[in-house]
Amino acid sequence: MTRKPHQREYWRSLSELADDPRLLEAINDEFDGYDPQEFTGVSRRSFVKLMAASMALAGISLTGCRRWPQQKIAPYTLRPAGREPNTRQQYATMLARSGIAHSLLVSTFEGRPIKVEGNPQHPIAQGRTDALAQASILELYDPFRSRGLEHQDERATWADFADWLKQRMQQRGRGVAVLCEANDSPALAAIRRKLDQDSPDLNWYTWDPLHRDNATAGSRAAFGKTLRPQYHLDKAKVIVSLDADLLGATDPAMLRHARDWAAGRRSADSDGQMNRLYVAESSLTLTGSVADERHPATLAQIIELTQAIKSTVDSNFEFRFSEFGLHLVGDMNIHHGESLVIAGESLPPQVHHLVWQINHALGAIGNTVTLTTEPDYELPYTQQIADLVSKINGNLVDTLIIIGGNPVYDAPADLDFAAALGKLKQSAHLSLYPNETSALCTWRLPRAHDFEAWGDGRSWDGVHCLRQPLIYPLFDGRSEIQLAAMLTGDAEPDGEKLVKEALTEDDAAWRSCVRAGFVEGSQAKAVDTGPRADAIVLPPSAKTEGFELHFAGDISVYDGRHAANAWMQETPDPLSKLTWDNAALLNIADARKLGIEQGDVLKISVGQASIEIAAYLMPGQAAGTITLPLGYGRKVAGEVGADVGFDVYPLRDTAGQAVAHGAKVENTHRRYKLAMTSEHYLIDGIGARATRQRLGEPHQSGLLLKETTLDEYRRDPHFAERGEHGDVHLQMFEAPSQFNDPHAWGMSIDLNACTGCGACVVACQSENNIPVVGKDQVLMHRQMQWLRIDRYFKTDEKDEHAENPEVVHMPMMCQQCENAPCEQVCPVGATTHDAEGLNVMVYNRCIGTRYCSNNCPYKVRRFNYFDFHSKPVRGLAKPWLGIPDQQQLVQVDQIKRLLFNPDVTVRMRGVMEKCTYCVQRIAAAKTEHRIEAVKAGDHKHRVLPEGAVQTACQQVCPTQAITFGNLNDPKAKVTQQHKTPRAYGVLAEMNTRPRTKYLALVRNPNI
Amino acid sequence: MTTLDLQYDTPANPGNLTDDPRQRAPLVTGDNDFTSVTNKVARLAEKWPDLWWWVAFFIALNLFGLLQVLIGYLVLTGVGVWGNNQPVSWGFPIINFVFWVGIGHAGTLISAILYLFRQNWRTGINRFAEAMTIFAVMCAGMFPGIHVGRPWLAYWLFPIPNQMDAWPQFRSPLLWDVFAVGTYATVSLLFWYVGMVPDLATLRDRATNRLSQIAYGILSLGWCGSSRHWHRFERAYLILAALATPLVLSVHSVVSFDFAVAQLPGWHSTIFPPYFVAGAIYGGFAMVITLAVPARKLFGLEEIITERHIDNACRVMLGTGMIVFYAYSTEFFIAWYSGEHYERFVFLNRATGPYAWAFWTMIFCNLIGPQVLWFRQARHHWLGVMFAAMCVNVGMWFERFVIVITSLHRDFLPSSWAMFHPTWVDLGMLAGSFGLFFTFFLLFCKFLPVIAMAEVKTVMPQAHAHSGEHGEALPGEDAADYRPDPHWVERR
C-alpha cells in the first residue's frame, strides 16, 4: 500500500472513498491486469445484476443450499518423537514370496504406509520392484482380510489359541504337523532349531505351488548338492533360455535378470554390441517376447534341442539341428565363456543336469553363472506334501498347523488334500485372507501383513533382509515367526526379539541393519564346482497323443495368493492383455483345426480329471501345447477374488507339476466373455492390414513404431528419422507457446529395454490413486490405468497362424504435447499448459465433456464414468442421492481410504484424468529443494538438479527403460537421450510436439 | 417451316398440382374464404381432441416420462450408464444432439428464408414447422447438458462473471456451440411467437370459457388488429426473418465445427459446414413431411396444407439430398486423394469395417431410398412420400452415428481400438427424446393455432380482389391498399 500510516483521511461517502485514485493504484499494483473498479465500487445496477444471477445459479446448481462436511482437526498436545506431520517418511523393509525376500523402501504418511519402492541399496532391488510388490500395499488395507481369530466359527483370542497349542504340544509334538509355505527366514530357522530340540516328534513340511523341484533335483544330480544358480546376463553375449521365463514375474531374480539383460542391450548405442537372446519355449512369455530368436516348441522338442546342443558342443560344433539350433550353436562357438544356457522348471531334472554340462563345456560356470548354496531344499516340496498327506491318512498326525499358503486349493490334485484335512479333528491356519484352506480348518488365525510385523528372509543372492513393521496390525494379525515361536511355548512372542536374536546381539549393529533393511555383505559365497560328467539317461519321452499342458504361474495373481488383489486382477497380462480372468492359451492353427473360437469354453481332461476353461487363441503358442495359468477360479477369496477365471489345479497332479501330457480337449460351444484391454490381433482384415502398415513388417519401421536390426542400425543409425512426414522442422506456424521456465520436463522411453513386465502400470496406479473398475467395465473399455503398455504382434506374411510373432511393448501414457490437441477443445479450460511444459489437468474445473479424449491421438485420457472408488468391483453402480462430491466421503470404505496418496486428488465421477508426469512429485521436490536452499542462505529460485525427481513409473522400472528429467539441462540424461538418433516422437507428424520420445527398437537377430 | 401451335388443352380444373405456366396453382384449394379458414384452424384449438390425439399423447407422455426417469438415473449414478467408453467417449447423446439440431433447421428455413424469398406457399406449413424447430431444439439442447460428466456444473459453459475470474475457454468449438444453439433457440422462439400473435388474438376473441380467454388474452399481447399493430408486426417479423436467416446457416456450421476442428481422421474436414447444413435441411424437411402428411389428414387441413406443399417439400429434399450425396463422395475422394494413411483407413473402415452395416444403412436411407421422389406418382401418394421421409429420418440419424462412432472407434493407435455398444439407457433416451418432442408437439396442436391463419389469408384470392391469384398487382392498381404484404414493405 502506498498510503502513509499517519496521514488522515476524510471522506463523506463510501463511493468517494472507493474512488480514491491511490487506492485504485494500489489495487492495480497488486492485481496486475484487472480492472481496479471491480474491487472497489459496485454500481447499483451491476450489484443487482450479479445478485440476481448468483441467486438464480445458486438455486439451479445445488451449490447454494448445500451443507459442507464437517471434519475436526486436533493438534498434538505432545508430538511423538520423530513424527513430523504432513511429511513422508521412508522405512526399509521387505516382503517374501515363495521363500525369496524382496527388499523394499516403503513411504509412510502420518503413520500409514502408502507407497512401495525398491530398496536402492540392496544389490538385487537397486531401487526397483516388480508389479506384485507394488500391489502388495493394496492387500494391507483390504477390508476382506482375515479379521480376528475364529475357533470353530466363533470369535477367539490369541490367548485361547496359545492355551490350545500348549496342550497339543505337550507330548514333544507327537501327532502335530506343521505345513509351512516356503520360507527362508533365519529367525524361523532359529526357532526350528529350538523346536527340533524341544519337540523332536513335531513334523515340519514345506509346500509352495510355484516350487523349483525340477531345478533343484537337477542341481543335486549334477553337483551332488543343491546349488542355486546366479545368472550374470550382463556378462553373456549369447543367452539361451530353454522354456525359462527369466524376465517373467514368477522368476525370483527377475529384477536382476531384467537389469543385466537391458545393460547388454544398451551397449548397442555405445560400442555397437548387443547380447543375443535365444528362447525355445512352449508359450509366449515375456522373455520370449523380447527374444532375438525365438523357437516355439513342445517339451519333447526342447529336450531334443538340448540334446542336440550338447552333442554339438561335445563334437566341436559340427552338428546341424534346425535353423534355430544352427544359429544358436554357431553363436556359442564364437562366444566361449560369454554364453549361457538356462533351463526352465518345466524340464525334467535330467535335462537340467544336461544343461549344466553344456554350461560347463561353454565355460559359463564361474563367468556368466555362479553357484551358491541353496538353503533348505532337502526334499522336493511335492514329496513333502505327499508325505504329510500319507501321514494324515495313516492317522499319524491329528493336529495340523498350516502357516500361510492355501494347500486345499493348490496342492497336487491326486493327493486330495481337502479330504485329508477333513479327517483331522484339529487344524489351524494362519492366513492373510480367509481362503479355501482356512474354511476347512478349526482355527482361523489372522496373519499380519508384511508391513505389520517383524520378520526376515534372504533374497535370491542370499542377502539377509529385515522386515520392520510400518503400522500396528490392523486386524490383530501375527506373523509366521510369531506363530512358530508360539509352538515353542511362547504365548506372546516378540517379533523384534526373534529377528534380532537370529542376527546379532549388538544393538547398534541391529539398528543400522534395520535402517538399511538388510545385512551388508551377507551375500552367499560362490561355490567353485563343476557338474558330474556322467552320461545322462533321459526319461522316456511322454505319450504323444493329445495336448501337452503347461502350468504357469500367473503374472497377476502368482499362484492364486494375490487373487483378492484388485490392482493385479486388473493389470492386463502383458501378452494376452487379459484382465480378471485366465484362459487356456491355444495355438491358433490347433484351434482352427478343432473349430475353437476365442472365448469358447473348453473341457480339458487328463485321465479322470477335467476342468472347463475359456479358450484364448495365443500367437506364439507352440503347436500341440496348451498353457494353463494357475491361480484363478478361487472359491473363497473375498468379494474381489472369488469366482474369477478358472481353476486349473485339478489337472495338476504330483507327477505333472509343470507339464501334463495326453490332455483331451472338447469344445462345449458355450461362450465366455473375456475382458481384454486391447484386442487387435484377431480383428477383421482391414484392421489387420492397417495395423501392419502402422507397425511395419517384422524388423522394419512402420508409421508408429520405428525398429531395425543391429546390423542395419550400425549401417544407418538415423533410421528412426526416416519415414513419412518425418521432417516436422519446417513449420508454417510458430511454436505454440513459450515455455519460459528453467524447467522443461521431458521423458524418454527406451523400447529396447522394455520387457512389458507391467511394474510401471501398478506403480502408477498406486502413486496416483487410480481406481479399479472391474471386469464389466473393462469389457466396456473403461479401464482407468493412466499408463498402459501397448503390445503389438508382428508376423511374417508366411506365418499365417502367428506361430512365431515378433512382439513390441510400447508403454503409452500422456505424451505432454507442447501443442496439445486436448487443450484447445476443452470448453472450460480444465486442461491447460504450465510454463514447465506439463499438460496439466484441473480436476475441479473439469465438467466432463470428454472432448479432450476424442481429440487425443494417443487415447491416453481416462474418464470416471462412475465413481469407481465407490463402485463395487462387481455389480452396478448405485445411484447416489446426496451432494455428488460427497459420495466418496460416505461410500469409500474407511479402511481402503487409508491407502490414498494425500498428494494426489482423488477424482470423483464425471472427471477426466490422465498422466501428469507425477506433478505432485515435482512439486514436492521443488519445495524440499527450496527449503534446503533457503537454509543454506540462497533465497533465489533454484533449478532442480538432475535426479531430484523421479516419476513413479521411472522409479520402479526394472530395466530403467524410462528416463525423466529437465530438457533445459543439457547434461540431463533425458536431454541426451532425446538427441540420440534413435529418439522419435510417436505421431510427431501431427505436430503435437510430444515431450515424451521413444528410443527406437533395435533387435539382434542372427541373420 | 411449321407453325407452333399455341393452343393448349387447358383442363377445366387444373387442381393444385398443375405446372401449367400460364396459370398459377392456388395455394389454398377448395371453396374457402377467410371465415372458413379461421373456423377450420381455430376449431382445432377449441374442440375436445379426437381419440387418436389422446392415444398419441399417452404414448408420447410415457416416453417423455421415461426420459425424465432415465435422466434422474443418469445424474444420480454417472454417465457410465451409457455405452460410451474410451476411445468412443461420445456416443448416443451427441448423435442425438446433432440429429435434433438438424431437424430444427427446416422450420426456420421455411419461415425465414422462404419468407425473404417470397415463397408464399410457406404460409401453409410455416407455423408447425417452426413449432417443430422449437421442440427439436429443446431435445437437442437437453443432450449436451446431460452429456457432461458432472451435469450439475454444466452452467460453467456460460460466460458468467464469477469471483474466480474463470471464463470458458473460447477456442473450444463446444463453447461456440453453446452460443450458436442458444442464439438459434432464442431467435426461433421469438420468431415463432411474434408470428403467432395475430392468430392468438383470433383464438382469444373466439374463446368461450374464462380460462382460455385469460390465457390467450395474455399471450396475444393486447393485439387488436389496428393498422398500426399490423405495421409494427410486419416490421418486427421482417427483422426477425432477416436475423434468423444467417442463423439457419450458422448453427449447423458451428455444430459441424465440433467435429471439423478436432484432428481426428473422419472429423477433420473442411467440407463439414456446408455438408452439415445441407444434411440438416434434408433431415428437417423429412421431419416436416413426416408431421405434415398425417396432420393434414387428421386435422382435416388438406385444403390449406395442399398436395403442392408436400410436393415442394419433396423437391427441396431431392435437392439437398444431392448435396449430401456430393459431400459423401467428396469425403471419400479427398481421403483417397490426400494419400494420408489414417484418413484413408477411416473411410475404408466405415465402408468395410465392423460398422459397415451402419454405413450402408445410411447410404441406402439417405441416397437410394429417397430417389423414388423423382417419380411424380411417388410424390403425389402419401405412401411414397412417407417412405422417402422415413428413410431420411433414419438415414440422417445413422449419418451422425457413422460420423461419431466409426471415426472414434479406430483412430491412430491400434491398441486403443474398441467397439461401442449402446446400453438400454442409450436406447431409452433416444426413444424418450421423441417422447419429449411429440408431447410438446401434440400440446401445440391442441392449444395453439397450427396454421398461420393471418398469413394464409394474405395468399388467398379473396385478399386480392383486384389482383392476380398470387397477389401481384394488376396494372394500374396499388396492391398495398388491400393487404399487409411483404411486397408492400419493399415497395416503400
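A crossing of two helices is left-handed if the near helix is turned anticlockwise from the far one by less than a right angle.

**View 1. Helices H3 and H7 of chain B in a predicted model.** The axes of H3 (residues 92-116) and H7 (residues 227-260) of chain B come within 8 Å and cross at roughly 155°; because angles over 145 degrees count as roughly antiparallel, H3(B) and H7(B) are roughly antiparallel to each other. H3(B) passes H7(B) in a left-handed crossing. Among the residues that H3(B) brings to this contact are Val98(B), Gly102(B), His105(B) and Leu109(B), and those from H7(B) include Ala241(B), Thr245(B), Val248(B) and His252(B). The contact residues comprise 14 nonpolar, five polar and no charged.

**View 2. Surroundings of Ala584(A) in the largest nonpolar core.** Among the 429 residues of this core, Ala584(A), Tyr616(A) and Val288(B) are those that touch the most other members. When neighbours within four places in sequence are left aside, Ala584(A) is in contact with Leu602(A), Ile604(A), Ile613(A), Ala615(A), Tyr616(A), Ile626(A) and Leu628(A).

**View 3. The cis peptide bond from Gln86(B) to Pro87(B).** This bond has an omega near 15°, and Pro87(B) is found in the loop between helix H2 (51-77) and H3 of chain B.

**View 4. Positive phi at Asp643(A) and at Leu221(B).** Asp643(A), although not a glycine, has a phi of about 55° and lies in the chain A loop between helix H22 (638-641) and strand S25 (659-671); with 14 C-beta neighbours inside 10 Å, Asp643(A) counts as partly exposed. Leu221(B), likewise not a glycine, has a positive phi of about 55° and is placed in the loop between helix H6 (210-219) and H7 of chain B, where its 12 C-beta neighbours inside 10 Å make Leu221(B) count as exposed.

Notes:
Residues numbered from 1 in each chain as written. Chains lettered and ligands numbered in written order. Predicted model: local features only at pLDDT ≥ 70, side-chain atom pairs only at ≥ 80, totals over all residues. Axes fitted to C-alpha atoms, helices over the stretch in contact; angles between N-to-C directions. Helix = DSSP H or I, 4+ residues; strand = E, 2+ residues; numbered from the N terminus. Parallel < 35°, antiparallel > 145°, perpendicular 65-115°, else oblique. Contact = placed C-beta atoms within 7 Å. Nonpolar A, V, L, I, M, F, W, Y, C, P; charged D, E, K, R; others polar. Core = buried A, V, L, I, M, F, W, Y, C linked by C-beta atoms within 7 Å. Buried ≥ 20, exposed ≤ 12 C-beta atoms within 10 Å, placed from the backbone.
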